[in-house]
Amino acid sequence: MKTFVMFCLFLFTMLACTNVNLRAADQGDDKSRYSVNEENRIKTGGEQSEQQVIYHDMIEAYQKGQFSEARKLARAHLQHFSDEMNTVSDERERESAVHASLDIISQMFGEEDKLPATERFGRDTDLLQDAEDRMIEARDVFSRLKPHDKNREFIQDKIRQNSERWLRAGKTIVSRGRLESHYRTFKQELEGAGYSSVDNVLNVVKPRVQQSQEPQPVSDEDRGKILKLIDGFYRGMISGDKQLIAAVTGSNKVKASALLDRYNSDLRSKGISKIIKATLPEMSAENYTVQRSNVSPNIYSVSVQGIKIDVIQADGSQSTSTGDKLFSLKKEMSGAWTLELPERK
């Protein structure tokens with residue numbers, strides 16, 4: 001199982017994806033352990049699911065109305081990834097831990113937002129403080145890494161989103177002075193999004209010029225092209241179709257061949273016998289979040305929720321893993337889309 005998940009990390013990384021929350025199935029070993037880049041699973045008291053994110057127990061507790069338990073699990077997950085960020089030496093693993101921490105905070109706020117304002121966080125400020133501390137920590141750790149530019153932009157935007165939600169969640173829980181303190185801490189991110197004060201955030205008021213610069217929603221036609229492009233890349237990598245890989249990446253057969261060589265080399269080294277297929281989720285605004293880059297108007301970040309990969313390992317066993325992935329795409333003047341790959345360091 002470890003070799004399978006490590007291979008998935010390689011494949012997703014080549015796609016400019018960020019390994020945030022893969023969770024793999026247990027193959028006969030009942031020991032539970034965290035690892036962003038290895039098994040990425042936790043024990044939830046029952047059978048291990050092979051298609052759940054690592055913090056799925058937290059989400060399940062929220063959905064069942066077990067709010068105290070959900071908040072306890074949120075703290076535990078955040079503490080784990082805090083340890084990961086500060087102890088692992090591999091930069092890719094540290095970057096994955098940053099992503100995981102911010103994603104857990106985002107999911108937590110999303111669940112708390114569903115509750116009446118008077119019940120959010122159980123009127124307890126401790127978890128809000130934990131969330132803020134982890135956001136600061138994630139930002140500090142990430143600032144010392146050297147990620148792909150599109151990943152850097154994605155993380156900065158994630159921090160900004162979480163900061164906005166922190167302020168709105170804290171509106172009826174913490175003092176005005178505490179809100180002001182949080183705003184000052186994330187002033188750069190919030191002002192970059194067009195906010196100029198705490199009240200701007202709470203009332204969702206941005207300068208008029210910022211509103212005029214916001215991109216138009218991606219059309220259904222473009223979403224269909226994006227789905228076809230990502231699906232084509234996976235099919236090309238799995239089948240070894242250099243022409244298809246070159247087409248979807250806007251490159252040539254020489255570069256496509258080099259990419260396949262790296263793919264096949266890693267495949268053999270990890271003891272993988274065959275990749276059966278990659279299954280993308282159905283096209284929807286929920287499954288495919290498309291966001292235009294603030295740096296270049298024709299570059300888009302596309303977050304895909306729930307990509308499933310089936311593989312046969314060298315011992316003949318079959319495994320499945322599901323994860324949420326980030327892609328970087330370019331829209332040409334002609335209206336065609338191409339998938340951008342990070343430069344290999």
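Let me begin with phenylalanine 121, which counts as buried because its relative accessibility is 3%, under the 20% limit for that class. The model I am presenting is a predicted one. Phenylalanine 121 is located in the loop between α4, residues 91–112, and α5, residues 126–143. As a general point, most residues other than glycine have a negative phi.

The loop between α4 and α5 holds a further case, arginine 123. Arginine 123 likewise has a positive phi, about 60°, without being a glycine. Is arginine 123 buried, partly exposed or exposed? With a relative accessible area of 41%, arginine 123 is partly exposed, because that class lies between 20% and 50%.

The largest nonpolar core comprises 44 residues. Phe121 is among the residues with the most contacts inside this core, together with Met58, Val98, Phe109, Leu128, Trp166 and Leu167. At least two residues of this core come from each of α2 (56–63), α3 (67–87), α4, α5, α6 (149–170), α7 (176–185) and α9 (198–202). Which helix gives the most to this core? That is α4, with eight residues. Apart from this core there is another one, of 31 residues, including Val218, Leu229, Leu244 and Ile307. In soluble globular proteins, nonpolar side chains tend to be buried together.

Leaving aside residues up to four places away in sequence, methionine 58 touches Ala70, Leu73, Ala74, His77, Ile104, Gln107 and Met108.

Next, a strand pair. Strand β5, residues 318–331, and strand β6, residues 337–340, pair in the antiparallel sense over four bridges. For serine 328, the bridge partner in β6 is glutamate 340. Five residues lie between the two strands of this hairpin, and within the hairpin glycine 335 takes a positive phi near 100°.

Finally, the chain as a whole. Its secondary structure comes to 13 helices and six strands. The chain has 345 residues, of which 50% count as buried. Of the contacts between residues at least 6 apart in sequence, 62% join residues at least 24 apart. The chain exposes about 16,300 Å², and carbon and sulfur atoms supply 45% of that area.

Definitions and conventions
Residues numbered from 1 in each chain as written. Predicted model: local features only at pLDDT ≥ 70, side-chain atom pairs only at ≥ 80, totals over all residues. Heavy atoms only, no water. Buried < 20%, exposed > 50% of the residue type's maximum accessible area, 1.4 Å probe, protein only. Pairing = 2+ DSSP bridges. Contact = heavy atoms within 4.5 Å. Areas by Shrake-Rupley, 256 points an atom, 1.4 Å probe, with all protein chains shown as cover. Core = buried A, V, L, I, M, F, W, Y, C linked by side-chain atoms within 4.5 Å.
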